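Let's take a friendly walk through this structure. Have the view open while you read.

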Amino acid sequence: VKADGTTQFSREPQGMSWNQRDRWNNAEELVYSPGFPTVAVLRKDGGVTAASLDDLNVPGDCDGWTDVAKLYCEGELWLGLKENGSLISNDPNLDLSGLTAGIANTRPKEVGVDLIAAGLYHSIYVRSDGKVSGAGQSSLGRLDVEDWTDIVAVAAAAHTVGLRSDGTVLAVGPN
């Protein structure tokens, strides 16, 4: 993504029409998970354009989302923080209620990339009080974060990691 909001590809995808090409412009941020086959841009208007890295003409799971303030992915899980503070996921079975309660009093544009994470089986969020809310599969202890305090950053994969303001690191889950 260039400073002017245009998206530059290393080589122009074959068969991409100009109408499709325009969907990749007005971009604010490029989002992807290394090793997984989807790439997305969060546009300045809150729209999302996503496609397969193998064929940019094939829409990705979060393609067409609107009113998105922040977009996150881990593996094949996509999580969107909408302008109104609600969440959307490409996994219809993911219970987002624990996360939604945690972000009810935030302004999505101020949520830093280190304050929310989409893991392989769960998602987590640092609330404004420094505690962590989570949603998804709690198996193997990956959501055992209720006692965490003073957290300034989180990460998630198959496990959950938190960083306290004093530099201490906390971790739960497998691995």
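A salt bridge here is a side-chain nitrogen of Lys or Arg within 4 Å of a carboxyl oxygen of Asp or Glu. How many salt bridges does the structure hold? It holds two, and here they are:

| Salt bridge | Closest N and O atoms |
|---|---|
| Asp45 with Arg43 | 3.5 Å apart |
| Asp129 with Arg127 | 3.1 Å apart |

Before going on, a word on where this comes from. This is a predicted model, in which local features need pLDDT of at least 70 and side-chain atom pairs count only at pLDDT 80 or more, while totals for chains, interfaces and linings use all residues. Residues are numbered from 1 along each chain as its sequence is written, and side-chain values use heavy atoms, with hydrogens and water left out.

Are the partners buried or exposed? Buried means under 20% relative accessible area, exposed means over 50%, and partly exposed lies in between (1.4 Å probe, protein chains only). Arg43 counts as buried because its relative accessibility is 17%. In the other pair, Asp129 is partly exposed at 47%, and Arg127 is partly exposed too, at 24%. Across the chain, 44% of the 175 residues are buried.

Now for the overall build. The chain has two helices and 12 strands, taken as DSSP runs (H or I, at least four residues, for helices; E, at least two, for strands) and numbered from the N terminus. Starting at the N terminus, the order is α-β-β-β-β-β-β-α-β-β-β-β-β-β.
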